[in-house]
Amino acid sequence: MKFKHLVILQIALFISVVSAKDSNVPCPVVSPDRGFFSANQIDKGAVVSVEVGDEDYPINLVIYKHEGGWCNKTVIAKYSIEGAKPQVDSVFFAKMRGVVNLFVIVRWELRHSGLGTYGDLYQVYAYESDQDGSLIENKNITENSEMTGVDGYVENQVSTFRLKKASDVKDYLRRMR
C-alpha cells in the first residue's frame with residue numbers, strides 16, 4: 001500500500017513540474033506584423049500577443065514577462081464567438097487617471113438580415129495592473145456603454161460606432177479627463 005501511495009505522489013510531482021515548465025517559454029521577439037507587441041509600458045521587457053485559442057474562444061490575449069532567462073506566459077483574456085469569430089482590430093496602451101492600461105478593440109461580424117441587423121459589433125476592452133502585477137480587466141472602461149456598439153444597421157436603422165480605432169479611443173479618453 002505504501003508503494004502505491006509513493007507512485008501516486010511521484011506522478012503528481014511529475015505532472016506539477018511539467019505544468020510549471022509549460023508556463024515558462026522562450027521569450028518572443030517584438031514583431032507587430034506577427035502579433036507580438038512591446039508591453040514595456042506595463043512591465044519592462046514584457047510582450048503582449050494576440051494568439052489562436054480554441055474552438056469556443058478562438059482568440060487569446062497573452063502577456064509574456066521575463067523571468068530568469070525565460071518568459072512566464074499568462075493568458076489575460078479569451079474572446080468568444082458571438083455569432084461570428086472575433087477579430088482583434090487594435091492593441092494599444094493609454095493612460096486612465098494616471099495608470100497605463102492595455103486596450104484591445106475586438107470586432108465581430110453581424111449578419112442577421114431577417115432582423116435588419118448587419119455590420120460589425122465592436123467592444124473596447126481595457127486591462128490594468130493589479131497589486132501583484134497581473135493584468136485584470138478595467139471594468140470602468142469595458143462596462144462603459146460608449147465602449148460597445150454596432151457599426152452598420154440595427155433593425156434597419158443606421159448605427160455608427162465611433163470608437164473603431166485606437167486614435168478614436170484615445171481622443172475619447174482625453175475628453176473624459
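**Strands, cores and salt bridges**

Modeller: Strand E4, residues 59-67, is mostly covered, as seven of its nine residues are buried. Bear in mind that this is a predicted model.

Colleague: Which strand pairs with E4 over six bridges?

Modeller: Strand E3, residues 47-52, does, in the antiparallel sense. E3 and E4 form a hairpin with six residues between them. Within that pairing, Ser-49 has Val-62 of E4 as its bridge partner.

Colleague: And which strand pairs with E4 over nine bridges?

Modeller: That is strand E5, residues 70-79, also antiparallel to E4. Val-62 has Val-75 of E5 as its bridge partner. The hairpin of E4 and E5 has two residues between the strands, and Gly-68 takes a positive phi near 60 degrees there.

Colleague: What about the largest nonpolar core, how many residues does it have?

Modeller: It has 19 residues. Those with the most contacts inside it are Val-48, Leu-61, Ile-63, Ile-76, Tyr-79, Leu-102 and Tyr-127. E4, E5, strand E6 (87-96), E7 and E8 each supply at least two residues of this core. E7 gives the most, with four residues.

Colleague: Why would such residues be found together?

Modeller: In soluble globular proteins, nonpolar side chains tend to be buried together.

Colleague: Moving on to E7 and E8. How many bridges are there, and in which sense do they pair?

Modeller: Strand E7 (residues 99-112) and strand E8 (residues 117-129) pair in the antiparallel sense over eleven bridges. The two form a hairpin with four residues between them. Gly-116, in the turn, has a positive phi of about 70 degrees. Further along the pairing, Glu-109 has Asp-120 of E8 as its bridge partner.

Colleague: Which other strands are joined to E8?

Modeller: Strand E10, residues 148-154, is joined to E8 by six bridges and runs antiparallel to it. In that pairing Gly-119 stands opposite Gly-152 of E10. Strand E9, residues 135-137, is joined to E8 by three bridges, again antiparallel. Here Tyr-127 stands opposite Glu-137 of E9. The E8 and E9 hairpin has five residues between the strands, with Gly-133 at a positive phi near 90 degrees.

Colleague: Then there's Asn-138. Buried or exposed?

Modeller: Asn-138 counts as buried because its relative accessibility is 5% and the cut-off for buried is under 20%. Asn-138 is found in the loop between E9 and helix H2 (139-142). Leaving aside neighbours within four places in sequence, Asn-138 is in contact with Asn-101, Ala-126, Tyr-127 and Glu-128.

Colleague: Which residues make the nonpolar surface patch of about 290 Å²?

Modeller: Tyr-118, Tyr-153 and Val-158 make that patch. Tyr-153 is in strand E10 and is partly exposed, with a relative accessible area of 33%.

Colleague: How many salt bridges does the structure hold?

Modeller: Nine. One of them is between Glu-109 and Arg-111, with the closest N and O atoms 3.0 Å apart. Glu-109 is partly exposed at 41% relative accessibility, whereas Arg-111 counts as exposed at 54%.

Colleague: What about Arg-162 and Glu-146, where do they lie?

Modeller: Their side chains meet in a salt bridge, at 3.2 Å from N to O. Arg-162 lies in the loop between strand E11 (157-159) and helix H3 (166-176), and Glu-146 in the loop between H2 and E10, so the pair ties together parts that are 16 residues apart in sequence. Arg-162 is partly exposed at 45% relative accessibility, and Glu-146 is partly exposed at 34%.

Colleague: And in which helix do Arg-174 and Asp-171 lie?

Modeller: Both lie in helix H3, three residues apart, about one turn of the helix. The salt bridge between Arg-174 and Asp-171 has its closest N and O atoms 2.6 Å apart. Arg-174 is partly exposed at 49% relative accessibility, and Asp-171 is partly exposed at 34%.

Colleague: Last one: which residues are linked in a network of salt bridges?

Modeller: Asp-89, Arg-107 and Asp-120 are. Asp-120 is also the E8 bridge partner of Glu-109.

Terms used: Residues numbered from 1 in each chain as written. Predicted model: local features only at pLDDT ≥ 70, side-chain atom pairs only at ≥ 80, totals over all residues. Heavy atoms only, no water. Pairing = 2+ DSSP bridges. Patch = residues over 30% accessible without salt bridge, like charges linked within 9 Å, V, L, I, M, F, W, Y side chains within 5 Å. Areas by Shrake-Rupley, 256 points an atom, 1.4 Å probe, with all protein chains shown as cover. Salt bridge = Lys/Arg side-chain N within 4 Å of Asp/Glu carboxyl O. Buried < 20%, exposed > 50% of the residue type's maximum accessible area, 1.4 Å probe, protein only. Core = buried A, V, L, I, M, F, W, Y, C linked by side-chain atoms within 4.5 Å. Contact = heavy atoms within 4.5 Å.
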